[in-house]
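Q: Please take a close look at one strand of this model and describe its surroundings.

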Amino acid sequence: MPHFVDPSPAGVCIFCRIVQGEIPSAKVYEDALTIAFMDLGQVNPGHVLVATKRHAANIFEITDEESAAVMQTARKVALAAKIAFEPAGLTLLQANGAEGGQTVAHFHLHVVPRHADDGVSFSWPRKEPGGAVLEGYALQLRNAMLSESVPVAA
Ligand code: 5GP
Ligand code: ZN
């Protein structure tokens, strides 16, 4: 993962400037809430970023409507990538905060076509703490879901 971070505020961050057409991008798709454009880094050919049009730094700042729209656009892009690049697999990746691997603080989802031995790796340190610990974590989350900041089911 790259290590620079763009902390620019709403309206002047790199992706806001791409949304506004102030800096160039190779655009794939846009609708009312989302924009999809080629990632500069191209981890594999066809690597696309799907971003919200509105500036929101991360998953904690987007609306339910934006989150649904981003996933719908990502699926369109994934289906197109499957036709255009014939990948053996495809990975969706979405990072939040520097510690989460995010370098541009404007919400976006990576759509990455994947191939055997393509060099992409993600360390995944499994802990397997056992059923009782899992139940405890689930209880913590169920309680947290009662918080006002978590949307209730439609
Ligand atoms: P993150 O690390 O935040 O999940 O992903 C940020 C991504 O934005 C990186 O993969 C990087 O290549 C891409 N990126 C950074 N600046 C630009 C830019 O100016 N134009 C485009 N198209 N992509 C960018
Ligand atoms: Zn922005």
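A: Strand E5 (residues 108-114) is largely enclosed by the rest of the structure because 5 of its 7 residues are buried. A residue is buried if 20 or more other C-beta atoms, placed from the backbone, lie within 10 Å of its own. Strands are DSSP runs of at least two residues (E) and helices of at least four (H or I), numbered from the N terminus.

This is a predicted model, in which local features need pLDDT of at least 70 and side-chain atom pairs count only at pLDDT 80 or more, while totals for chains, interfaces and linings use all residues. Residues are numbered from 1 along each chain as its sequence is written.

E5 pairs with strand E3 (residues 48-52) in the antiparallel sense over 4 bridges; strands pair if DSSP finds at least two bridges between them. In this pairing, Leu49 stands opposite His110 of E5. Strand E4 (residues 89-93) also runs antiparallel to E5, joined to it by 5 bridges, and Leu90 has Pro113 of E5 as its bridge partner.

Leaving aside neighbours within four places in sequence, Val77 is in contact (C-beta atoms, placed from the backbone, within 7 Å) with Val28, Tyr29, Ala36, Val48, Val50 and Val111.

Notes
Chains lettered and ligands numbered in written order. Buried ≥ 20, exposed ≤ 12 C-beta atoms within 10 Å, placed from the backbone. Contact = placed C-beta atoms within 7 Å.
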